[in-house]
Amino acid sequence: MSRGTAVPGRAVLPPVPRIAAAILPVALATAIGSLSTGSNIEGWYETIQKPVFNPPNWVFPVAWTILYTMIAASLWRLLGARPIAGPTGRAWWLALAAFFTQLALNAAWTPVFFAYHALGAGLIVALAMLVMVLWTIRLSWRFDHVAAWLLVPYAAWVAFASLLNGLIWQMN
């Protein structure tokens, strides 16, 4: 049993391929986000009304770089905490499914909000993402406490982003 792991486990993959398995899905979500924001940041996003506490544009890529690094590290740890067998194994698969669901919602939010300018739909996606991130934290805790803790700043940021999204929708 490793430090921060609640159940005996075995890695799904050896460490180096596990790094790739953790980074690639996160990199895909990042790429989708980057492609979707494109010219919308300096174009459409600059023209809409935002609350006074909206961070300056440069904060977002800095925050997301840190968060995506933590998300990938969390996935790497979760992939390394696979239980040997039994009902705990099924719970681990559920934690992994929750992880990939929140990551898919993460990838979906940026095109919905920035590319399609669908502010209400963006809020729905953001709130669903928040629920899934929180559920992922809860499910991951059983297998690796560090993996769960790595997602807490992400949950806080998604909660803040949901608030911003909701206010932007209301103001526009």
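In which helix is the place of Thr110? In this predicted model, Thr110 lies in helix α4, where helices (H or I, at least four residues) and strands (E, at least two) are DSSP runs numbered from the N terminus. Residues are numbered from 1 along each chain as its sequence is written. Because the model is predicted, local features need pLDDT of at least 70 and side-chain atom pairs count only at pLDDT 80 or more, whereas totals for chains, interfaces and linings use all residues, and side-chain values use heavy atoms, with hydrogens and water left out.

The chain contains seven helices and two strands, arranged along the sequence in the pattern β-α-α-α-β-α-α-α-α. The C-alpha trace spans about 55 × 25 × 25 Å along its principal axes. Contacts, defined by heavy atoms within 4.5 Å, involve residues 24 or more positions apart in 79% of the cases with a separation of 6 or more.

Of the 172 residues, 45% count as buried, a term that denotes under 20% relative accessible area, with exposed set at over 50% and partly exposed in between (1.4 Å probe, protein chains only). The chain exposes about 8700 Å², of which carbon and sulfur atoms supply 73%, as computed by the Shrake-Rupley method with a 1.4 Å probe.

Beyond its neighbours within four places in sequence, Tyr154 is in contact with Trp64, Leu67, Ile71, Gln102, Asn106, Met129 and Val133.

Thr110 counts as buried because its relative accessibility is 11%; leaving out residues up to four places away in sequence, Thr110 touches Gly33, Ser36, Thr37 and Ala115.

The unreviewed UniProt entry annotates residues 20–38, 58–79, 91–109, 115–135 and 147–169 as "transmembrane region", although such annotations may be inferred rather than shown by experiment. Residues 91–109 are 100% helix and 0% strand, with end C-alpha atoms 27 Å apart, while residues 147–169 are 96% helix and 0% strand, with end C-alpha atoms 33 Å apart.
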